[in-house]
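The briefing below is meant to be read beside the coordinates.

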Amino acid sequence: PGLVNAADGLDLGISASCEKGDAVFSVTNNGARWPDSATFRIYDAEIDKVVNMRRLRLSDGQKISFNVKRDKAPGEVGIWVSPSWFTRDFKYDAKINCS
């Protein structure tokens, strides 16, 4: 499980699991409602290629999940959250390999 802490500007709980060979990322906003949206990027982490992307604005306590089919990213898969209201250095917030 990963945790993006409040010192990084976000207070998120992020966990990764495998379900029937597919990667599942669960994200919980442990902080306050966001002032704007953030981009959630899912990567094929072996080649740093984006395989899915969504823009969302989370309220306090909101939980979301992303399912990544094995055929989209057969090896290691990663997630990175990029808020629109400040800049974060790129670093996977969580990674998992379900192969």
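Predicted model: local features only at pLDDT ≥ 70, side-chain atom pairs only at ≥ 80, totals over all residues.

**Cavity, core and strand pairing**

**The cavity and aspartate 22**

- The largest cavity has a volume of about 40 Å³, and its lining comprises 6 nonpolar, 3 polar and 3 charged residues.
- The residues that line this cavity are Gly21, Asp22, Ala23, Val68, Lys69, Arg70, Ala73, Pro74, Gly75, Val77, Cys98 and Ser99.
- Aspartate 22, which is one of the lining residues, is found in strand 3, and aspartate 22 counts as buried because its relative accessible area of 16% falls under the 20% cut-off.
- When neighbours within four places in sequence are left aside, aspartate 22 is in contact with Ser17, Val68, Lys69, Arg70 and Cys98.
- Aspartate 22 and aspartate 44 are separated by 22 residues in sequence and, from C-alpha to C-alpha, by 13 Å in space.

**The nonpolar core and isoleucine 79**

- The largest nonpolar core has 23 residues, and those touching the most other members are Phe25, Phe40, Phe66 and Ile79.
- At least two residues of this core are supplied by each of strand 2 (12-19), strand 3 (22-29), strand 4, strand 5, strand 6 (63-68), strand 7 (76-83) and strand 8 (94-97).
- Isoleucine 79, with residues up to four places away in sequence not counted, touches Ile14, Phe25, Val27, Phe40, Arg41, Ile42, Phe66, Tyr92, Asp93 and Ala94.
- Strand 7 is mostly covered, in that 7 of its 8 residues are buried.

**Strand pairing**

- Strand 4 (residues 38-44) and strand 5 (residues 49-56) run antiparallel and are joined by 7 bridges; within this pairing, aspartate 44 has lysine 49 in strand 5 as its bridge partner.
- Strand 4 also runs antiparallel to strand 7, to which 7 bridges join it, and here the bridge partner of isoleucine 42 is isoleucine 79 in strand 7.
- Strand 7 pairs in turn with strand 8 in the antiparallel sense over 4 bridges, and glutamate 76 stands opposite asparagine 97 in strand 8.

**Positive phi values in the loops**

- Lysine 20, in the loop between strand 2 and strand 3, has a phi near 55 degrees, which is a positive value in a residue other than glycine.
- Lysine 20 counts as exposed because its relative accessibility of 83% is over the 50% cut-off.
- Aspartate 48 lies in the loop between strand 4 and strand 5, and its phi near 50 degrees is likewise a positive value in a residue other than glycine.
- The hairpin that contains aspartate 48 is formed by strand 4 and strand 5, with 4 residues between the strands.
- Aspartate 48 counts as exposed because its relative accessible area of 52% is over the 50% cut-off.

Technical notes. Residues numbered from 1 in each chain as written. Heavy atoms only, no water. Pairing = 2+ DSSP bridges. 1 Å grid on protein atoms, 1.4 Å probe; cavity = no way out; pocket = protein on both sides within 12 Å on 5 of 7 lines; lining within 4 Å. Points joined across faces, edges and corners; volume = space filled by probe spheres on them. Nonpolar A, V, L, I, M, F, W, Y, C, P; charged D, E, K, R; others polar. Core = buried A, V, L, I, M, F, W, Y, C linked by side-chain atoms within 4.5 Å. Buried < 20%, exposed > 50% of the residue type's maximum accessible area, 1.4 Å probe, protein only. Contact = heavy atoms within 4.5 Å.
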